[in-house]
Amino acid sequence: MAAWDLSVTVEDLGSDAPPVTISVASDLHVGGVILKLVEKTQIKRDWSDHALWWEQKQQWLLRTAWTLEKYGIHADARLLFMPQHKPLKLGLPNGITLRLRASFSCPVFQTVMGICRMLNIRHPEELSLLRPVEEKKKKKDKDLAEEIYDLTEVPLSSGTLSTLYLHYMSRPCLYNGMPAHFVDSPQMEAIYKMLSVTQPPPAPEVIAKQYRPASVVDKAHINGRWLDSSRCLMQQGIQENDRLWLRFKYAAFYDIEPKYDVVRLTQLYEQARWAILLEDVDCTEEEMMLFGALQYHISKVAQSEPQMLSTNAAMDDLESALMSLEVKMEGENSSASDHEIEQRDCVFQAQEADAEGIQTVLSKEESIGEPIQQINLRGCEVAPDVNVASQKFLIRLLIPAPEGMNEVYLRCENEQQYAQWMAACRLASKGKSLADSSFQSEIQSIRSFLAMQKTNSHGNAPAGDESINTHSLVSPRYHKKYKPKQLTPRILDAYQNVAQLSLTDALMRFLQIWQALPDFGLSYVVVRFKGSRKDEVLGIAPNRLIRIDLGVGDVVKTWRYNNMKQWNVNWDIRQMAIEFDGNVNIAFSCVTADCKIVHEFIGGYIFMSTRSREKSDTLNEELFHKLTGGHEAL
């Protein structure tokens with residue numbers, strides 16, 4: 001075949017660089033084009049993630065064995081040679097923004113699977129990506145740089161997608177309660193902790209600044225922002241470093257196991273909490289007080305029972321994390337040479353906790369024998385983890401080890417014991433013994449600091465409890481209706497019923513009450529039914545479709561999925577037609593969202609209902625695309 005010139009823009013050469021021209025023939029396969037490009041650029045690097053993007057057709061040329069002729073590529077084709085994985089800013093339900101590398105060439109469904117695998121979120125089929133709501137920022141806010149947590153250095157998993165996501169629902173392989181890539185550094189551990197620990201209640205002014213849908217039509221507009229799961233990010237106009245939101249899309253949460261779903265449970269709680277605070281879901285005043293009480297309790301317990309993550313390599317096995325290290329210290333006969341401390345009155349269990357945050361219990365021991373464990377504290381880092389109001393007295397020790405730093409938590413029973421142990425650990429870290437003259441003054445200094453904390457925590461508190469900002473716990477309509485001091489007794493009254501719950505139980509209770517609300521799980525779209533002259537609202541729920549009169553907000557008709565015989569989309573006129581049992585047929589066009597979004601919601605919920613424990617080891621991606629993809633999946 002005759003040779004002809006093909007021009008390709010190589011992204012790695014920079015935006016100002018001219019296209020690279022190579023001589024090709026129509027029977028040359030795409031892999032051969034890539035080989036010629038790499039040789040001509042003379043850049044030595046790993047090109048395995050690179051691929052060709054055909055700009056006019058908005059298409060990746062991923063079948064490297066196909067020839068240019070088979071693809072229909074001629075000399076006028078505008079081709080770009082660039083990485084398939086690019087940085088993306090990702091807003092999470094808890095308000096944190098991550099920067100990570102995501103696939104721009106896979107269907108969004110697979111891209112979400114990759115993101116969820118990185119963040120340790122099981123059942124990624126329940127989540128998706130959507131374009132964020134534009135926030136109106138004031139001039140003074142524009143100067144404040146947003147904190148973005150970088151995960152772009154996390155290595156991309158190797159292997160094909162089919163093996164990569166095979167065990168998407170099975171229990172993940174964790175190291176000290178975290179995926180391996182989060183154990184690499186203290187910074188990565190800190191990011192994982194932010195993913196897996198609930199955020200404190202937001203300030204009332206932060207709630208007031210958030211976008212709040214004022215009507216069901218406003219809620220419908222938000223659902224027009226979901227990305228198409230069948231197409232890749234590039235095909236939907238998403239560029240490198242663009243911002244997207246990761247959210248739970250389908251209100252069908254399957255197989256939640258708190259032990260393995262720490263991030264999933266935390267992010268789901270945060271999404272539910274914001275849905276309540278921003279009145280995305282309607283609830284009664286009594287329910288709002290209970291939600292407020294649960295938020296208050298969750299925040300309180302999360303502070304006093306942190307999910308502490310150990311970096312000890314010996315704790316890789318999750319079950320072995322249950323066997324806590326016992327440390328005995330005794331100050332009287334400690335030698336200044338090795339600075340090891342022993343304890344007279346208690347046996348401490350060092351808290352090398354797993355992802356559930358296993359808590360330590362102090363036990364009295366009458367006989368004092370040889371110490372079970374000795375720890376050399378010279379050069380270690382000693383940090384307080386104290387909340388006087390909730391009687392939490394923890395000492396965090398970062399002890400030098402060949403593989404890095406081992407983290408140990410010591411829990412004390414009271415202020416006096418904490419002050420003595422904290423002083424002893426600080427001296428030992430500096431290479432001093434308990435006989436040092438500064439020991440008593442160190443104890444006194446620590447106790448003075450605790451006394452200040454105690455004054456602050458009770459000085460500004462409302463009568464009957466420590467500081468509680470009730471406007472942080474309820475939606476803005478109650479800010480206008482009640483003063484904080486009027487809300488406090490009502491929230492504290494509801495709090496009495498949940499005060500004994502553990503952190504996990506409180507999170508699960510919050511989600512259960514949220515899921516029991518009448519409007520839970522409803523995604524709205526404004527539609528025009530066939531034969532009607534006015535717009536109406538279609539509510540899409542996990543098990544039914546609801547027709548709502550836009551004028552009065554009343555439910556006109558409900559259709560259940562289990563009565564559905566078939567549904568079709570006429571892609572030419574963008575109209576959906578659904579047939580139910582009893583010769584019931586409905587047809588509508590979508591006003592506030594593309595009909596593909598509605599098609600995907602319905603097909604997605606039907607897919608969610610097919611999940612079962614027998615099939616839980618693999619995700620039937622093919623079935624998902626058949627049910628949601630429409631004509632593009634065929």
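The legends below describe close-up views of one predicted protein model.

Residues are numbered from 1 along each chain as its sequence is written. Because the model is predicted, local features need pLDDT of at least 70 and side-chain atom pairs count only at pLDDT 80 or more, while totals for chains, interfaces and linings use all residues, and side-chain values use heavy atoms, with hydrogens and water left out.

**Figure 1. Overview of the chain.** The chain contains 17 helices and 24 strands; helices (H or I, at least four residues) and strands (E, at least two) are DSSP runs, numbered from the N terminus. Of the 634 residues in the chain, 52% are buried. Here buried means under 20% relative accessible area, exposed over 50%, and partly exposed in between, for a 1.4 Å probe and protein chains only. Among contacts between residues at least 6 apart in sequence, 65% join residues at least 24 apart, where contact means heavy atoms within 4.5 Å.

Figure 2. Side chains of opposite charge can pair when their charged atoms come close. A salt bridge is defined as a side-chain nitrogen of Lys or Arg within 4 Å of a carboxyl oxygen of Asp or Glu, and the structure holds 26 of them. In this view arginine 273 pairs with glutamate 270, and their closest N and O atoms are 3.0 Å apart. Both residues belong to helix 9 (residues 262-277), where they stand three residues apart, about one turn of the helix. Arginine 273 is buried, at 2% relative accessibility, and glutamate 270 is likewise buried, at 1%.

**Figure 3. A salt bridge between two loops.** Arginine 574 forms a salt bridge with aspartate 594, the closest N and O atoms lying 2.9 Å apart. Arginine 574 sits in the loop between strand 22 (564-570) and strand 23 (575-580), and aspartate 594 in the loop between strand 24 (584-590) and helix 16 (595-608), so the pair ties together parts that are 20 residues apart in sequence. Arginine 574 is partly exposed, with 34% relative accessibility; aspartate 594 is also partly exposed, with a relative accessible area of 35%. Although arginine 574 is not a glycine, its phi is positive, at about 55 degrees.

Figure 4. Glutamate 622 and lysine 626 meet through their side chains in a salt bridge of 3.8 Å, N to O. The two residues are four apart in helix 17 (residues 621-628), a separation of about one helical turn. Glutamate 622 and lysine 626 are both exposed. Elsewhere, salt bridges that share partners join Arg122, Glu125, Glu126, Asp255, Asp261, Arg264 and Arg611 into one network.

**Figure 5. Helix 9 packed against helix 15.** Two packed helices are described by the angle between their axes and the distance between the axes. Axes are lines fitted to C-alpha atoms, for helices over the stretch in contact, and angles run from 0 to 180 degrees between N-to-C directions. Helix 9 and helix 15 (residues 503-515) pack at about 45 degrees, with their axes 10 Å apart. Helix 9 is therefore oblique to helix 15: angles under 35 degrees count as roughly parallel, over 145 as roughly antiparallel, 65 to 115 as roughly perpendicular and the rest as oblique. The crossing of helix 9 and helix 15 is left-handed, that is, the near helix is turned anticlockwise from the far one by less than a right angle, whereas clockwise would be right-handed. Residues of helix 9 in the contact include Leu265, Tyr269 and Arg273, and those of helix 15 include Leu507, Phe510 and Trp514. By class, the contact of helix 9 with helix 15 has 11 nonpolar, one polar and one charged residues. Ala, Val, Leu, Ile, Met, Phe, Trp, Tyr, Cys and Pro count as nonpolar, Asp, Glu, Lys and Arg as charged, and the others, Gly among them, as polar.

**Figure 6. Helix 6 packed against helix 9.** Helix 6 (residues 186-196) and helix 9 pack at an angle of about 50 degrees, with 7 Å between their axes. These two helices are therefore oblique to each other. Tyr192, Leu195 and Ser196 of helix 6 make the contact with Val262, Val263, Thr266 and Gln267 of helix 9. By class, the contact of helix 6 with helix 9 has four nonpolar, three polar and no charged residues.

**Figure 7. Glutamate 279 in a loop.** Glutamate 279 lies in the loop between helix 9 and helix 10 (285-304). Glutamate 279 is buried, with a relative accessible area of 16%. Leaving aside its neighbours within four places in sequence, glutamate 279 is in contact with Arg212, Lys219, Ser475, Pro476 and Arg477. Its phi is near 60 degrees, a positive value in a residue other than glycine.
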